[in-house]
Number of protein chains: 2
Amino acid sequence: MKAIIVYSGGLDSTVLLHHLFSGGHELAALSVNYGQRHSRELEYAADNCAKLGIEHRMADLSHLVDLLGGSSLTDPGIDVPEGHYEQDTMKQTVVPNRNMIFLSLAAAWAISKKADCVAYAAHSGDHAIYPDCRDSFTQALDAAIRLADWHEVGLHRPFVGLTKGDIVKRGAELGVDFTQTWSCYQGGKEHCGRCGTCIERREAFYLAQVEDPTAYASEAPSLDTMIANDWRL
Amino acid sequence: MKAIIVYSGGLDSTVLLHHLFSGGHELAALSVNYGQRHSRELEYAADNCAKLGIEHRMADLSHLVDLLGGSSLTDPGIDVPEGHYEQDTMKQTVVPNRNMIFLSLAAAWAISKKADCVAYAAHSGDHAIYPDCRDSFTQALDAAIRLADWHEVGLHRPFVGLTKGDIVKRGAELGVDFTQTWSCYQGGKEHCGRCGTCIERREAFYLAQVEDPTAYASEAPSLDTMIANDWRL
């Protein structure tokens, strides 16, 4: 199989990169700079591809950051919410139409390269606050992408039935170096350990019973505290 | 109605801009630089928006031009075919997944702005060689865009039942200055008058019985020659 992978440099897509690579598939990886506050995950994306010898390209949409406004991921005027994803404030982390933009660029590249599919790391824990993670959205977009060219390209979501904990397990099996992945929504040098994605990340390692090698900021609540508080701050 | 218009600076979308503007709709316009050989139409797009006081933004995807490779519109190694659209060589002008990329960016902006729709100048003459002009594609993409956010945005194609000749007529009614629109696929100072879009443009004015104010290159075949040859070179 020949695939274009939408690759953020985060935990899920890094495990997907290794998963597909270990399956012997021919890969090229697309990352997107949409003006996110930090570029750490994009640096990891480039480095991880270079290590595996996978062609990697960056789509720079940072000049459109204000068109994608209203999200705390891109707008410095909005605080990154802390706490669990279920909390309403996490709606502020929605970047409008992000998945369609990423997937349409990857699909264009897939058509150019005559690849079979666009792969991305959607998983069962993708949250209901993100409308473009819904199955109904994905099905409609898959139909549109298949019709976008005479050369048919489909969406491939091998992790869609897995939890984030399952993905950590799969990554551990594949020997993924998790320290070379980035989740945190804050722009710090280390993972803050307190924002929605940090909590998800920590919980996933805990549930997978895999040791979490991530360096969290010293102010982050301890794992024991998080567990005692049912993963709420 | 509040709309984001996908605006190339070509004839069709310039008439659409005026059509929606004259209807009193609130507009913002998005143009995309995808590495096309010439930037004339993008300059016209900016100028025409400025004249009407319409907010205009440019998405610069020119750094991805090789991802969108294989088209004569972006690849200097491929000649721009001359002659009528029906000819097979015009398949070389397909830019992979162009419509989805443009529409997904415009939809993101529409969601940010809480606009009602994304408008674009699809018309009945859009050619069967462009897979992403098919109705089936548009319907699937419209469904996906409506599901991309809790704030529903739809696709709006007011010209879908019109021919390009009808669009010229509508533009003449609206007093559009057609000299401030660009169609030609070549990168010259004037319209070449010989490439697929130039022939379409000339034919549309002829069928609309509107005088064509476009300055064509002196080497271009005369209108009489084109008519005598049934619009074939």
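**Figure 1. Polar contacts across the interface of chain A and chain B in a predicted model.** Across this interface there are 13 residue pairs in polar contact, with both residues of each pair at pLDDT 80 or more. On the side of chain A that touches chain B, the elements giving two or more residues are strand S3 (55-60), helix H3 (98-113) and helix H4 (135-147). H3(A) supplies the largest share of that side, nine residues. Sorted by class, the side of chain A that touches chain B holds 28 nonpolar, six polar and six charged residues.

**Figure 2. A salt bridge between Asp66(A) and Arg57(B).** The side chains of these two residues meet with an N to O distance of 2.6 Å. Between chain A and chain B the count of salt bridges is two.

**Figure 3. The area buried between chain A and chain B.** The two chains bury about 3,400 Å² between them, and 66% of this area lies on carbon and sulfur atoms. Within chain A, the residues that lose the most area to chain B are Leu67(A), Leu147(A) and Trp150(A). Together these three account for 20% of what the chain A side buries. The contact draws on 40 residues from chain A and 40 residues from chain B.

**Figure 4. The rotation axis that relates chain A to chain B.**

**Figure 5. The fold of chain A.** Chain A has seven helices and five strands. Read from the N terminus, its elements follow the order β-α-β-α-β-α-β-α-β-α-α-α. Chain A has 233 residues, and 55% of them are buried. Among the contacts in chain A with a separation of 6 or more, 71% are between residues 24 or more positions apart.

How values were computed: Residues are numbered from 1 along each chain as its sequence is written. Chains are lettered from A and ligands numbered from 1 in the order in which they are written. This is a predicted model: local features need pLDDT of at least 70, side-chain atom pairs count only at pLDDT 80 or more; totals for chains, interfaces and linings use all residues. Side-chain values use heavy atoms; hydrogens and water are left out. Contact means heavy atoms within 4.5 Å. Buried area is the accessible area (1.4 Å probe) that two parts lose on being put together, summed over both. A salt bridge is a side-chain nitrogen of Lys or Arg within 4 Å of a carboxyl oxygen of Asp or Glu. A polar contact is a pair of N or O atoms within 3.5 Å; within protein, one must be able to donate a hydrogen and the other to accept it, and residues adjacent in sequence count only if both atoms are side-chain atoms. Helices (H or I, at least four residues) and strands (E, at least two) are DSSP runs, numbered from the N terminus. Ala, Val, Leu, Ile, Met, Phe, Trp, Tyr, Cys and Pro count as nonpolar, Asp, Glu, Lys and Arg as charged, and the others, Gly among them, as polar. Copies are superposed by least squares on the C-alpha atoms of residues with pLDDT of at least 70 in both. Buried means under 20% relative accessible area, exposed over 50%, partly exposed in between (1.4 Å probe, protein chains only).
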